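Have the sequence and the 3D view ready, and look up each residue as we come to it.

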Amino acid sequence: MEMKKFILKRGIEIVIIFFVILTTLFLLFHMAPGDPISRMIDPTMNPEDAQQLISELGLDQPVWTQYLYYLKNFFTGHFGVSFHYGRPVLEIIGKRLPNTIILFTSSIILSALVGIFMGKIAAWHKGKKTDTFMTVGALVLHTLFLPWLALIFIWVFAYKVGWFPLTGIISAEVWTNPNAGFLLKTLDVLHHMALPLFTLFVIHFGSYLLIMRSSMLETLREDYILTARAKGLEEKTVRNHHAAPNAALPVITSIGLSLAFSISGGAITETVFTWPGIGRELVFSVSNSDYPLAQASFLLIALIVLLSNLVVDVLYAYVDPRIRY
Amino acid sequence: MSEAIAKISTRKKTPATSYRTERLKENWHVFRESLLGKLGLILLSIFALMALCSFIPPLIDPMYNPMSGVDPLVSHSVGPSFRHWLGTDFIGRDIFSQLLGGARIAFMVGISAAFMSIFIGTIIGMVAGYAGKTVDSLLMRFADMIMVMPTLLVVLILSSLFGQLNIWTIVLLIALFRWPGVSRVIRAQTLSLKQRPFIDAARVAGASHFRIIFKHITPNVLPLALLYMTFRVTSAIIIEAALAFLGFGDPGTVSWGMMLQWVWKTGNMFQAPYWLLPPGICISLITLSFYMLGRAMDEVLDPRLRSVKQMR
């Protein structure tokens, strides 16, 4: 019951935040120098089509009505037509969305799990070589410059050694081959995903490791750990069942706080590896002044961040009952 | 250093200042004991030296100007030589002098953006914590809202609307979007300070809210704000570099991110490691050194983090 209330409260907050973002973006599009219409309608489009699109998007109405049209269009998926592709934005974004979600979620889950595991080990061996090695390693990896690391990985693993493909998400020869089954196609995508995923993993897991380590050290000082030891429980049980689950809570919080940062990193990674996701589409459309596509990609990314924040909150409330009350 | 502090303490003999210098001495001692802090400071001094030296190469020969200087003998990227210590880029500009200039930009962007965001964050945090109630929850909801926005992508979409942003606009935007984290921490600190007797004493003595916030609370939250400043410096440097890397930097500046964009976009990244490696290493190292500095300051502020050796 309490859980439902909590989710509802957070859900309402997120709806409000998204509404504010929507409105701000609308205002910015109208305040920016130049003609607002030229930002939604491709200047090279033939006049009849342009006229039809203008009335469809409500751009010939007063600003107030335009805003209502804008909201309606957002919720019904009418984002306009991309200047660059000449096709509806929704269609393009629909194709890109799954790719981004796959890369984004798998990178966060993988780096959090490994970070928690290694942070636990590091804290357990505090002051020993294992700890020093892991902490220093995490510190250094965590501060590497993401785009540079991506370039280095491409240079070493894709260009020099040739283990992984240079760019893209699929290879044409596998996907045009009629004999290739589902398994082969999946393997092909995974093969393309390996390097971008590894890049994001290397950048992110270090901070989770450091947070888990310090939180674990704090937890180990708690009385209930002493109790568990006094009961004669095995050290391994104390570590894995008494200390680690509690120590992992701040890591979950930090996942929520770093989501915005992670999605920026995701956009850079997608761009460098030409992974066809929303982030790359945003960067690409901004450089091409493809406003409808840029606007829709941005809103969708904001929505992804907000929804994953909700997921993290719910997860947190689920593992830590104190939050719900 | 300790002599200098001793001098100061003999000059001003009020009990408060001598207590402060005592604490400063002790803190400096803890800081010096921290390996991370030392390493961070050494690295940062090297970068500061690079930034200072960035004025020298263009004075030697105009072709060493990082932005406009072109070696007339070079038409494409060439490797390191005596004439060009780190080689040249695709139109014959010297990479070493670009690297030095990049250090200057990194410090400029990092410190000014961090200073501004700490300034905004500290004030908002103090006001929210001190005022409480509606003001507090309004300000904090606003902070939450900005916190979930990916700063890099926000700046990106703004640059699509308003055209090429210059470096100071980028700095300002970074500052405007990076204060919420700071304000949360400062707010929490203010909430606990508010319960202390000296605030009550000030209020009874008739101090205005303004005076209490800026005269009594500010000095107590400043160390924490300073600590967060080191972390904000790194994030500002990274955001500017990433923006420049994606091609949305200030075209009038040579930053490390810009250098990486050039090596990437001109297709030289597989042929020119002398061009690809240095800017990335510099960005990563400057981030690391500010981060290490922050961790060491954290040890100064939070005694629980100190190792046994430093406790003695």
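## A meeting point of two chains

Leaving aside residues up to four places away in sequence, Ile301(A) touches Ile263(A), Ile278(A), Gly279(A), Leu282(A), Pro150(B) and Leu153(B). Here, two residues are in contact if their C-beta atoms, placed from the backbone, lie within 7 Å.

Before going on, a word on the ground rules. This is a predicted model, in which local features need pLDDT of at least 70 and side-chain atom pairs count only at pLDDT 80 or more, while totals for chains, interfaces and linings use all residues. Residues are numbered from 1 along each chain as its sequence is written, and chains are lettered from A and ligands numbered from 1 in the order in which they are written.

## The nonpolar core

Which residues touch the most other members of the largest nonpolar core? They are Leu282(A) and Ile301(A), in a core of 151 residues. Helix H11 (residues 209–245) of chain B gives the most to this core, with 20 residues. A nonpolar core is a set of buried Ala, Val, Leu, Ile, Met, Phe, Trp, Tyr and Cys residues joined through C-beta atoms within 7 Å. A residue is buried if 20 or more other C-beta atoms lie within 10 Å of its own, exposed if 12 or fewer, and partly exposed in between, with C-beta atoms placed from the backbone.

## Chain A as a whole

Chain A has 14 helices and zero strands. Helices (H or I, at least four residues) and strands (E, at least two) are DSSP runs, numbered from the N terminus. The C-alpha atoms of chain A fill a box of roughly 80 × 55 × 40 Å along the principal axes, and 37% of its 325 residues count as buried. Take the contacts in chain A between residues at least 6 apart in sequence: 69% of them join residues at least 24 apart.

## Where chain A touches chain B

How many residues of chain A are in contact with chain B? There are 33, and they meet 30 residues of chain B. On the chain A side, the elements that give two or more residues include helix H1 (2–31), helix H12 (249–272) and helix H14 (291–319). H14(A) gives the most, with seven residues.

By class, this side of chain A has 27 nonpolar, six polar and no charged residues. For these classes, Ala, Val, Leu, Ile, Met, Phe, Trp, Tyr, Cys and Pro count as nonpolar, Asp, Glu, Lys and Arg as charged, and the others, Gly among them, as polar.

Ala50(A) is found in helix H3 (residues 47–57) of chain A. Is Ala50(A) buried or partly exposed? It is partly exposed, because 18 other C-beta atoms lie within 10 Å. Not counting residues up to four places away in sequence, Ala50(A) touches Ile41(A) and Met45(A). The C-alpha atoms of Ala50(A) and Phe182(A) are separated by 42 Å, and the two residues are 132 apart along the chain.

Helix H10 (residues 223–230) of chain A has eight residues, of which the number buried is zero, so it lies largely in the open. After H10(A) comes Gly232(A), with a positive phi near 90 degrees.

## Two residues with positive phi

Most residues other than glycine have a negative phi. Ser289(A) has a positive phi near 50 degrees, and it lies in the loop between H13 and H14 of chain A. Ser289(A) counts as partly exposed because it has 15 C-beta neighbours inside 10 Å.

Over in chain B, Lys133(B) is not a glycine, yet its phi is positive, about 50 degrees. Lys133(B) has its place in helix H6 of chain B and counts as exposed, with 8 C-beta neighbours inside 10 Å.

## Helices that meet in chain B

Helix H5 (residues 95–131) of chain B and helix H6 (residues 133–147) of chain B pack at an angle of about 145 degrees, with their axes 7 Å apart. Axes are lines fitted to C-alpha atoms, for helices over the stretch in contact, and angles run from 0 to 180 degrees between N-to-C directions. Among the residues that meet here are Ile124(B) and Val127(B) in H5(B), and Lys133(B) and Leu139(B) in H6(B). The residues of this contact divide into seven nonpolar, one polar and two charged.
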